[in-house]
Amino acid sequence: MDKIFQDVAENVAWLSGIGADPTGGTTRLLYSDYWVEAQQGVKKKMDDAGFTTYFDDIGNLFGRVEGSTYKDETIMSGSHIDTVVNGGKLDGQFGVLAAYLAIKYLKEKHGQPLRNLEVISMAEEEGSRFPYVFWGSKNFFGLANKDEMADVADFEGVKFVDAMRGAGFDFRDETKPLRDDIKAFVEIHIEQGKVLENEGKAVAVVNSIAGQRRYTIVLNGESNHAGTTPMSYRKDTVYAFSKIVTQSIDKAKKIGDPLVLTFGKVEPKPNTVNVVPGETLFTMDCRHTDEAELHSFTAEIEQDMKTICAEMGIDISIDLWMDEAPVPMDPHIVSVLEGVCKKEGLNYRVMHSGAGHDSQIFAPRVPTAMFFVPSIGGISHNPAEDTKTEDLVEGVKALTEALYELAYK
């Protein structure tokens, strides 16, 4: 068996087994015992490979190979170690394992790099245990506000602060200077969609991460008897909702990629068979790689909703609670990644990411780009999440060559 194939298969099986959930998949939540076991396990692997390893204050793990010449320049790769509940075996952790393997192979084959090479296994990205996302990468750049975490607790009532300190970590020491040596960050991740699989591509170079706008919208009409209220007298919020959804999605389909629009949660009240629903709460998620297009489309949809409701005598409340701008990747790093794919003869394409990743925190601050590998059936955040080992191997090879170009030349 090919050594890289065996290394990838064995490491994925090993790491996904830490926190294996009896109900399926892997559950490894921030600062849990399984999370500590996984971080310590990755640390031991990097120790055994001759890396210099250490944790920062909040639990981000680093494995470093010192450069010979440009000692104040670091090329970094990695991802996050936490999972969602009943998550798959690749989301986040494949990026950590791929970075470890790639740098291990480079060290064995080429020796000391000119620039430092460093793996980062970020403490958290998902927000699955506590209502906070990108805890690892935000702390790396000094963006996290510890005051926001003082009263935060998980679904079992365990306070964030207690869980963090119980795992052996604490808030970032704000007297320490932030790092300014990162010259490139390359993250590899499963696509979590069907594009690569459908197109028969082994790898993708990601050139941007889509911006997101998320809303909670409440329609208030009038609850009334389903048998005695004539149709012309009704203020039916489900009917209004249905008109909003149909009109909005029709417009989104007409515009097409890369715009996507999702109505994901619906709560009609009183939600019973014989009462006209007088209130309906629903969510809307809209994403696009162009900020102006994202804002223009959502402004149009907001106005459409108001018009529909006004015509039906229904009140509407629109709460825009997430407004994340698109994040372009660095053109030079994208070019390096594309060059590697061409040089190695990889079957690749360039695409954007519709999902958020740690790279969106890195990209505005250091030169950043990403690789994707295919997801079988586009399934993710699910025990069925999987990628052919052959495709994972292609991703590790692409990452290895990219890090060679960035750190050894």
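Is Lys159 buried, partly exposed or exposed? In this predicted model, Lys159 is partly exposed, because its relative accessible area is 36%. The side chain of Lys159 meets that of Asp151 in a salt bridge, with 3.9 Å from N to O. Asp151 counts as exposed, at 65% relative accessibility.

**Overall form**

The chain has 409 residues, of which 51% count as buried. Its secondary structure consists of 11 helices and 16 strands. Taken along the principal axes, the C-alpha atoms fill a box of roughly 80 × 50 × 40 Å.

Two pairs of residues give a sense of distance within the model. Glu222 and Pro331 are 109 residues apart along the chain, and their C-alpha atoms are separated by 54 Å. Glu222 sits in the loop between strand S7 (211-220) and strand S8 (224-225), and counts as partly exposed at 38% relative accessibility. The other pair is Ala292 and Asp151, which lie 141 residues apart in sequence and 37 Å apart in space, C-alpha to C-alpha. Ala292 belongs to helix H8 (residues 291-312) and counts as exposed, at 56% relative accessibility.

**Salt bridges and charge**

The whole structure contains 25 salt bridges. The table lists three of them, including the bridge of Lys159.

| Salt bridge | N to O distance |
|---|---|
| Asp154 and Arg129 | 2.8 Å |
| Arg214 and Asp285 | 3.2 Å |
| Lys159 and Asp151 | 3.9 Å |

Asp154 forms a salt bridge with Arg129. This pair links distant parts of the chain, 25 residues apart: Asp154 is in the loop between helix H4 (135-140) and H5, and Arg129 is in the loop between strand S4 (115-122) and H4. Both Asp154 and Arg129 are buried.

Arg214 forms a salt bridge with Asp285. Here too the pair links distant parts of the chain, with Arg214 in strand S7 and Asp285 in strand S12 (residues 279-288), 71 residues apart. Arg214 counts as partly exposed, at 24% relative accessibility, whereas Asp285 counts as buried, at 14%.

Salt bridges also join into a network, which links Arg64, Glu66, Glu118, Arg179 and Asp181.

Which residues form a negative surface patch? The patch is made up of Asp147, Glu148, Asp173 and Glu174. Glu174 lies in the loop between helix H5 (160-166) and strand S5 (182-190). With a relative accessible area of 52%, Glu174 is exposed.

**Backbone details**

Two cis peptide bonds can be described. One runs from Asp257 to Pro258, with omega near 5 degrees. Pro258 is in the loop between helix H7 (237-255) and strand S9 (260-262). Another joins Lys269 and Pro270, with omega about 5 degrees. Pro270 is in the loop between strand S10 (266-269) and strand S11 (275-276).

Positive phi angles also occur. Tyr31 is not a glycine, yet its phi is positive, at about 65 degrees. Tyr31 is placed in the loop between helix H1 (3-16) and helix H2 (33-48), and is buried, with a relative accessible area of 5%. His381, also not a glycine, has a positive phi of about 55 degrees. His381 is found in the loop between strand S16 (368-373) and helix H11 (389-407). Its relative accessible area is 40%, so His381 is partly exposed.

Technical notes. Residues numbered from 1 in each chain as written. Predicted model: local features only at pLDDT ≥ 70, side-chain atom pairs only at ≥ 80, totals over all residues. Heavy atoms only, no water. Patch = residues over 30% accessible without salt bridge, like charges linked within 9 Å, V, L, I, M, F, W, Y side chains within 5 Å. Areas by Shrake-Rupley, 256 points an atom, 1.4 Å probe, with all protein chains shown as cover. Salt bridge = Lys/Arg side-chain N within 4 Å of Asp/Glu carboxyl O. Lys, Arg positive; Asp, Glu negative; His and termini not counted. Charge placed at Lys NZ, Arg CZ, Asp CG, Glu CD. Helix = DSSP H or I, 4+ residues; strand = E, 2+ residues; numbered from the N terminus. Buried < 20%, exposed > 50% of the residue type's maximum accessible area, 1.4 Å probe, protein only.
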